[in-house]
Amino acid sequence: MRRGLVALGVLLVILGILIPEIPISGGYSIREIDNLCKSAFGVLGRLLSPAAQRECGKAAAVVLFSEILIIIGVVAVVVGLLKGAKSSPKEEISSAQTATVGRYCKFCGAYIGDAKFCPKCGRAQE
Ligand SMILES: [Zn+2]
């Protein structure tokens, strides 16, 4: 499941990087058009031409969309990796330290600990 999330994230990042590089008009990629629109020449062109204004708006929207894809992709990869780290096997707490329990006399029931003879009745405990 988490591998799927990481793979999906990587795919989104790749799409986000590739989409603006797709040539759409006159051999220019969306990113190139967006950069042109943001230049002084582009700003002037947008003021003079409503068509240029529309194309710049579209290019800016696609670039924004691709940036959102990259962000979502990175988040998906990070979440996928964090989930993987959390699901790694934890160190099992040893219960050996609590295993030592005092013994009781088989005959009178007095607590004798590790002694071989009962301190109360003096009988041997095997
Ligand atoms: Zn005893």
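A: Helices here are DSSP runs of H or I with at least four residues, strands are DSSP runs of E with at least two, and both are numbered from the N terminus. The model is predicted, so local features need a pLDDT of at least 70 and side-chain atom pairs count only at pLDDT 80 or more, while totals for chains, interfaces and linings use all residues. Residues are numbered from 1 along each chain as its sequence is written.

The protein chain has four helices and four strands. In sequence order they give the pattern α-β-β-α-α-α-β-β. A residue is called buried if 20 or more other C-beta atoms lie within 10 Å of its own, exposed if there are 12 or fewer, and partly exposed in between, with C-beta atoms placed from the backbone. Of the 126 residues in the protein chain, 13% are buried.

The part to look at is the largest nonpolar core. A nonpolar core is a set of buried Ala, Val, Leu, Ile, Met, Phe, Trp, Tyr and Cys residues joined through C-beta atoms within 7 Å. The largest one has six residues: Ile30, Ile33, Cys37, Cys56, Ala59 and Val63. Helices α2 (30-38) and α4 (50-86) each supply at least two residues of this core.

Start with Ile33. Two residues are in contact if their C-beta atoms, placed from the backbone, lie within 7 Å. Apart from neighbours within four places in sequence, Ile33 is in contact with Tyr28, Glu55 and Ala59.

Next is Val63, which lies in helix α4. Val63 is buried because 20 other C-beta atoms are within 10 Å. Leaving out residues up to four places away in sequence, Val63 touches Pro20, Ile30, Arg31 and Asp34. The C-alpha atoms of Val63 and Glu21 are 9.6 Å apart, although 42 residues separate the two along the chain.

Ala60 is also in helix α4. Ala60 is partly exposed, because 15 other C-beta atoms are within 10 Å. With neighbours within four places in sequence set aside, Ala60 is in contact with Asp34 and Cys37. Ala60 and Pro20 are 40 residues apart in sequence, and their C-alpha atoms are 9.7 Å apart in space.

Over residues 59-82 the model is 100% helix and 0% strand, and the end C-alpha atoms are 35 Å apart.

Back to helix α2. Lys38 belongs to α2, and Lys38 counts as partly exposed because it has 15 C-beta neighbours inside 10 Å. Lys38 and Ala60 are 22 residues apart along the chain, with 9.3 Å between their C-alpha atoms.

Helix α2 also packs against helix α3 (residues 40-48), at an angle of about 80° and with the axes 4 Å apart. Axes are lines fitted to C-alpha atoms, for helices over the stretch in contact, and angles run from 0 to 180 degrees between N-to-C directions. Angles under 35 degrees count as roughly parallel, over 145 as roughly antiparallel, 65 to 115 as roughly perpendicular and the rest as oblique. Helices α2 and α3 are therefore roughly perpendicular to each other. Leu36, Cys37 and Lys38 of α2 make the contact with Phe41, Gly42 and Arg46 of α3. These residues divide into three nonpolar, one polar and two charged. Ala, Val, Leu, Ile, Met, Phe, Trp, Tyr, Cys and Pro count as nonpolar, Asp, Glu, Lys and Arg as charged, and the others, Gly among them, as polar.

Finally, Leu18 is in helix α1 (residues 2-18). Leu18 is exposed because 12 other C-beta atoms are within 10 Å.
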